[in-house]
Amino acid sequence: MVIRVKTTRRKVFEYDAPARVVAVLGGQLSDEGRWLDSQMNGALSRFLKKTRLGSEFGEYATYATEDVEVVLFSLGKRRGHTLEQVREAGVRLAKILARLNSRDVVVENFLASRFGKKESSYALAEGLFLGAYSFDKYKSRAEQVRRNVVIAQGFGPAVDRARAVCAGVYLARDLVNEPPNVLNPVELARRAEEMAKESGLEINVFGPEKIQELGMGAYWAVAKGSDNEPRFIEIVYRPEQASGRHLALVGKGLTFDTGGYSLKPPASMTTMKGDMAGAAAVIGAMKVIAELNPPVEVRAYIAAAENMISGHAYRVDDVLKAYNGKTIEVLNTDAEGRLTLADALAYASEKKPEALVELSTLTGSCVVALGAQIAGLFSEDESLAREVARAAEEAGEKVWQMPMEPAYKRLLKSEVADVKNVGNRKGGAIQAALFLAEFASVPFVHLDIAGPGFAEDEEDNPLGPVGGTGFGVRTLVRWVERRA
Ligand code: BES
Ligand code: ZN
Ligand code: ZN
């Protein structure tokens, strides 16, 4: 659905539109609802009584006459609301609006009296945008539904911000949803270039020669098995006033992960086009950052590759040399993300960012630990960990800090090299994070988004459809803004 969102200073009943949405709290009409009700001579309250709309969040009923459609949307109980519920109400509403006959709708600014017009407008608009998303470019017959939403008594700049942020989330979702035969590393780089050009960002892209010449031996090993060439992508946002300091973002960019010779079983391979969700989040975030103009330089890095099998693919038992000079014994070619990230992290670190946040669909182990909706947050820098966790919370994305247990470091000791790329099965997500820490030499946070990066079924993602979620975009934008 294509959705437009604007605001008006007027109340729901004062704004002329063929469709209106008001809230129901604890089974009763909101203030906006009551004003509208009296304008309609009590028709709404009579309808509400008849429908017996419960006080379950998300329940709704539509009162329709020849010239007006009114949606009564339940926000649950009278009290104890969170801003997250406003966002989720927006998501649900987007779906409800698609089923209305009218294109133009005026919506109450849900819970504005509780959270303030600015915060509630932001959450509602963000929910509407996120919920309206669909990916149907490969469907022969997809009907394009359009809706124009006006938030009554809304705060315009908050909606503008939500629009900018969600444009980044949409881009990230599109990149993840794109099939791997279309979106290979070369195409990922092309899309990043397209975004950079549109947004006025600097971008540098390296191919196989430069990757090898730079000494990115771990990344190259993963990439070389595919006929689709790797692309190392660097995107730079420079604020008007340069301060000399900068922040770095790194995203895992495996456009497909077969597992390599440590081949994945078929059922585990089905979502592996989403193994570039970290890269997608970083590209999406850079688009938003360019739009919002925070006063700090940001550099993003993606080592894009495809993990395939062939006569020139890397093997188990291979020993690789990473960009920072450390040697790695490969014991599992399916632990490829950390190899590509090793070089990206070392390269990013060399430029001395003040802090670095890296996102990757890194381990199935993290999905077992935290499920489909929560990312694992790892850092040896406690204050940076708290900072990123806070940004995530403010942005409405769920993360949970996991320990960087030093005692597990010895699990990565190798007989023949400095480290090996896998330890054992116990605490696999932690071992992966400890491996990454060997290659970053600046304060950094690792977000394992293997769970929330890709929604396999409806329940996995309350903020949108199945497929790419765009997880991380909102957190990264918040973090950069706070840091600036
Ligand atoms: N891309 C996968 C991790 C993954 C799993 C992402 C499920 C999303 C959903 C990663 O490259 C991988 O295969 N990791 C292995 C590591 C193991 C070999 C140590 C894993 O998690 O099984
Ligand atoms: Zn893998
Ligand atoms: Zn992978």
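A nonpolar core is a set of buried Ala, Val, Leu, Ile, Met, Phe, Trp, Tyr and Cys residues joined through side-chain atoms within 4.5 Å. The legends below use that term for a predicted model.

**View 1. The largest nonpolar core has 95 residues.** Five of them touch the most other members: Phe110, Leu188, Leu249, Met286 and Trp479. Helix α11 (residues 277-292) supplies the largest share of this core, with 11 residues. Both domains take part: domain 1 (2-153) and domain 2 (165-483) each give at least three residues.

**View 2. Contacts of Leu188.** Neighbours within four places in sequence are left aside here. Leu188 then contacts Leu175, Leu183, Ile233 and Thr255, and also Met276, Ala279, Ile283, Ile302 and Ala304.

**View 3. Helix α11 crosses helix α16 (residues 473-483).** Their axes come within 8 Å. The crossing angle is roughly 45°, so α11 and α16 are oblique to each other. The crossing is right-handed. On the α11 side, the meeting residues are Ala281, Val282, Gly284, Ala285, Val288, Ile289 and Leu292. On the α16 side, they are Val473, Leu476, Val477, Val480 and Glu481.

**View 4. Domain 1 meets domain 2.** The domain assignment places domain 1 at 2-153 and domain 2 at 165-483. Taken over C-alpha atoms, the centres of domain 1 and domain 2 are 37 Å apart. In the contact between them, 14 residues of domain 1 touch 19 residues of domain 2.

Methods. Residues are numbered from 1 along each chain as its sequence is written. Chains are lettered from A and ligands numbered from 1 in the order in which they are written. This is a predicted model: local features need pLDDT of at least 70, side-chain atom pairs count only at pLDDT 80 or more; totals for chains, interfaces and linings use all residues. Side-chain values use heavy atoms; hydrogens and water are left out. Buried means under 20% relative accessible area, exposed over 50%, partly exposed in between (1.4 Å probe, protein chains only). Helices (H or I, at least four residues) and strands (E, at least two) are DSSP runs, numbered from the N terminus. Domain bounds come from an automatic or database domain assignment. Contact means heavy atoms within 4.5 Å. Axes are lines fitted to C-alpha atoms, for helices over the stretch in contact, and angles run from 0 to 180 degrees between N-to-C directions. Angles under 35 degrees count as roughly parallel, over 145 as roughly antiparallel, 65 to 115 as roughly perpendicular and the rest as oblique. A crossing is left-handed if the near helix is turned anticlockwise from the far one by less than a right angle, and right-handed if clockwise.
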